[in-house]
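Please look over the sequence and the three-dimensional picture before reading on. The briefing goes from the whole chain to single residues.

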Amino acid sequence: MIKLLKNANLFAPSAYGIVDILIADSKIAHIGSNIDMSSNQVEVIDLEGRTVIPGLVDTLAHVTGGGGESGFGSRTPAITPDQIIASGVTSLVGALGTDSVTRSLQDLYGKTQELRSAGLNAYMHSGSYHYPAKTLTSSVQEDLMMIEPVIGVGEIAISDHRGSHPTSNQLAHLASDVKVGAMIAGKQGVVSVHVGDAPQGIDPLFHAIHDYALNPSVFYPTHISRNNELLEQGKQFTKIGGYIDITTSTNEGIIAQGEMPPADAVCHLLDSDVDNTKITLSSDAQGSLPNYNKKNELIGLDIGAIDSLYSTMCALIEGKQIDPSMAIRLVTENPAKAVGINAGSLFAGASADLVVLDSWSCIDSVMSNGQWLMRQKNFCFNTPFEDSLND
C-alpha cells in the first residue's frame, strides 16, 4: 500500500521543516509540501509536526552475543529484533569479537538472516579479533564475492592483548583482499578495526597505509575515544581521509580508566575542526565492556547496549546543544557511507527507513523498507514462536 505521511518535521538528516513524505512500496516516492493523494489505496497518517529522522545505522553490533573474558558464564546474550527496533536502528552490521570459537561465522550468518526476516537491513563481517581471518568460504575474497550480506572483515583487533598483533604487512594484505573481493562484488569493502589501549594505538594502520599506498577509508577504527592519545591519533586519521568511530556503550569504570564519554568526545572533535563527515558512532551492542587494570587483570564487566546509540544522539542535541542535523548525521548518513551501504538518508528514491519521534527523547514509530516495524510504540511483527513464548 502507498503511505502518505503528512506534516512531518523532517531531518533527512538536513533540516527540511514541515513536509509530506510519500512512500510507495519500500521506497520514498516524493518529499514535498501539501501532497494530495485522495484514494482508498493510500494510507494517510497525519504526524502533526512530529520529527522524522532516518533509521539509525549501527556499524558494530555483536548480534550473536560476545563476551567470555571471565569464563563461559560471562558470555553475553544474542540481541533480539525488538531491542533493535525499539532503539530506532533499521540498519546494522554484525561482527564477531574476542570469541570466534564458540561464536561462529555460521551462527552470525544465521542471525543476520533472522534479523532480515524481521524487516531489518542486516549485514555482517567475516573474521573476528584474530589474524588470519576466519571465513565462511575458503577466503576473505570469496566471502565478499559469494555471500551477499558480507560487506567486510572485522572487527580485527590491534593494540590489544586479546588480539593476534597483526603486522602492518598483514593488515595491508587483509585490506587488499577485502578491496579486491568487494570490487568484483560491487561492494565498498571495509576492515573494521578494534583498537585497544596499548600505546601504539592506530600506528599499525598509518604504517600499512603509508607503506602499501592504501586508501585510508579501507580501515575503519572503532573505540577511538578510549583515551586522549588515541583520540589525537584519530584526528590525524581523518586528515588523511579515514573515518573514525566512537563507541556509545560505556560505563563509569571504563571512563574512570581514561575513556572520554561519547558525547564529550564528539564535541572535542568538532571543536578541533575535524571533518564532521568522517566521525561516526556505533553501539558495540551485546559486546562485553571489560575493565582491565594496568596488569591486564579483569576488574569489571558490563554489556554494550544498542539503545546507547540513540541516547548519545539525544545527549548531543539536548545536552550539548549540537545542531540536530549534525548529531543525526553521526548515527545515520556518516556510518552508512563508512561501510558502503544504502541507508542513513531520506530522499526521493531512497529506501523508506525512518523513525518518528514524539520528542528528542521518545521514539514513537519505526519504519524499515516502507513497512512499520513499530507503530505508536507497539511492535508490528511477530516471530514464529510468539504465541508459545507468551503462554
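This is a predicted model: local features need pLDDT of at least 70, side-chain atom pairs count only at pLDDT 80 or more; totals for chains, interfaces and linings use all residues.

Residues are numbered from 1 along each chain as its sequence is written, and side-chain values use heavy atoms, with hydrogens and water left out.

**The whole chain**

- The protein chain contains 12 helices and 19 strands, where helices (H or I, at least four residues) and strands (E, at least two) are DSSP runs numbered from the N terminus.
- Its radius of gyration is 21 Å, close to the 21 Å that the globule rule gives for 391 residues, so the protein chain is as compact as a globular protein of that length; the radius is taken over C-alpha atoms, and the rule is 2.2 Å times the number of residues to the power 0.38.
- Along its principal axes, the C-alpha trace of the protein chain spans about 65 × 50 × 45 Å.
- Of the contacts in the protein chain with a separation of 6 or more, 71% are between residues 24 or more positions apart, a contact being heavy atoms within 4.5 Å.

**Burial, surface and charge**

- Of the 391 residues of the protein chain, 57% count as buried; buried means under 20% relative accessible area, exposed means over 50%, and partly exposed lies in between (1.4 Å probe, protein chains only).
- The protein chain exposes about 15,800 Å², of which carbon and sulfur atoms supply 49%; accessible areas come from the Shrake-Rupley method with a 1.4 Å probe, and for residues only the protein chains shown count as cover.
- There are 23 positive and 43 negative side chains in the protein chain, and the centres of the two sets lie 2 Å apart; Lys and Arg count as positive and Asp and Glu as negative, without His and the chain ends, and each charge is placed at NZ of Lys, CZ of Arg, CG of Asp or CD of Glu.

- In helix α5, which covers residues 203-212, the residues P204, L205, A208 and I209 are buried.
- Seen down the axis of α5, its buried residues fall within an arc of 135°, so they line one face of the helix; the arc is that of the directions from the helix axis to the C-beta atoms.
- An α-helix has 3.6 residues a turn, so residues three or four places apart point the same way.
- The buried residues of α5 pack against β9 (150-158), α4 (168-185), β10 (190-195), β11 (219-222) and α6 (228-239).
- A213 lies in the loop between α5 and β11, where this residue is exposed with a relative accessible area of 71%.

**Backbone angles to look for**

- Most residues other than glycine have a negative phi, and most peptide bonds are trans.
- A213 has a positive phi near 50°, and H223 has a positive phi near 65°.
- H223 is in the loop between β11 and α6 and counts as buried at 6% relative accessibility.
- The peptide bond from A12 to P13 is cis, with omega near 15°, and P13 sits in the loop between β1 (2-11) and β2 (15-24).
- Another cis peptide bond joins G154 and E155, with omega of about -5°, and E155 belongs to strand β9.

**A buried loop residue**

- T64 is placed in the loop between β6 (56-61) and α1 (81-86), and at 4% relative accessibility T64 counts as buried.
- Leaving aside residues up to four places away in sequence, T64 touches A78, L96, R103, D107, L108 and K111.
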